[in-house]
Amino acid sequence: MARHNQEKIFRQTLKRSCYILINNWSTLRDRAPILQLVELFAGVSEPKRHWSPERKAIRHWVLGFLRSDDFQELAVFLTQKNQNLGKSNWSDRYATYLLGSQSSDSNQPQYRRDVARVLSQQLRNKFKFELTRYIAHFQLKTRNQKILKNPTILGDRVLSLIRHVLMRRGIFGHENLARIFLSQTAGMCYKDFKKSLLRYLLFLTHSEGRRLEPYLESVLLEFNQRYDDEVWNSYLLFATCKRLLDCLTIDREKKSSVVLTLSVTNSYHLTLSIVILKIILICEPSYAHLESCIATLIEHYGDCMESECLWLIHFLETLKVTLTIYADNIHFDLIENGHEECTTQVIEDVEEDYQVFSQIKMEPTLPGHPYSPHLGCG
């Protein structure tokens, strides 16, 4: 029993030490020591016969730790710094959701949440920077110019996707529509608020929105009916948005929800992503719940082959790009070809009449939500 307790204490100490080190190195953006830690774990071998009993015991404890669930969780962090640790999986591309979910999990120790928060933010910033730079270089390319690596797996279609996202925002823009919605529904009873919320979410979604309407309407009308006659507040807003995000992503068995299945089956990836964006824009804190929902999907389907999960991957890629367009330190806009301010060269295979203008602000990201629309809600 004493020996078992010693091994337990050893594992806990080793685990916590790793998280603290990774957190410190990540905060300092010092990648080299993390790679050395990866190599150190990868090089652990069985104990030698001539070793002392104490040394053999410690090595067995280390090997036991490497086979434990604790190390598998730690590996999520390490694989973001070195993809050679273990076999790469399609789900590794979306580790930001797994990390984000862990950073808001109150059941996790604080040191683990701190590491998850830092690495998740770094992955988001890295993707935003790479996407912005790729779009700018892609539209300015010449025949002899090397194109930067596309941070998505959508190929050149990512440019078309961004155009469609920007065009679907209408003359007001999604951020302004969110502000208008919150302003116009202030003081409204909860029942009427839910009806207005449905109209807001499906505004400018065209035929795809009409296919989703019965599901969203059923969820909204039945949810928290005991508050229908009361004036809605931030608590009801948060609870309602969480319920909607559940409806749009996962079912009770933690699998793809009916709405998500319907959307991806009919290629409504963008419509679903924009509805999710609209929810985040009116209730900033609900983004943490979205991360939890997406993490649940990834964990459920993560062991499946990539070819079996293309439906989910295409949705995740579309959602990732859509949310990035509305990040708080990045700016995307459309410029009509031939406009006096448009000096970029148009590539031959682009049929649209607009080019995407992208710009990222390099000041440090403020604490808080990565896609903050600065609404001040919640």
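**Salt bridges and a buried helix**

Arg67 counts as exposed, at 59% relative accessibility (over 50% is exposed, under 20% buried and in between partly exposed, using a 1.4 Å probe and protein chains only). The model is predicted: local features need pLDDT of at least 70 and side-chain atom pairs 80 or more, while totals for chains, interfaces and linings use all residues. Residues are numbered from 1 along each chain as its sequence is written, and side-chain values use heavy atoms, without hydrogens and water.

**Salt bridges**

- The whole structure holds seven salt bridges (a side-chain nitrogen of Lys or Arg within 4 Å of a carboxyl oxygen of Asp or Glu).
- One of them pairs Glu46 with Arg67, with the closest N and O atoms 3.5 Å apart.
- Glu46 lies in the loop between helix 2 and helix 3 and Arg67 in the loop between helix 3 and helix 4, so the pair ties together parts 21 residues apart in sequence (helices are DSSP runs of H or I, at least four residues, numbered from the N terminus).
- Glu46 is partly exposed, at 44%.
- Glu317 pairs with Arg93, with the closest N and O atoms 2.8 Å apart.
- Since Glu317 is in helix 15 and Arg93 in the loop between helix 4 and helix 5, this pair ties together parts 224 residues apart in sequence.
- Glu317 is buried, at 0%, whereas Arg93 is partly exposed, at 32%.

**Helix 12**

- Helix 12 spans residues 258-265, and its buried residues are Val259, Leu260, Leu262, Ser263 and Val264.
- Among the elements covering these buried residues are helix 10, helix 11 and helix 13 (contact means heavy atoms within 4.5 Å).

Note on methods
Helices (H or I, at least four residues) and strands (E, at least two) are DSSP runs, numbered from the N terminus.
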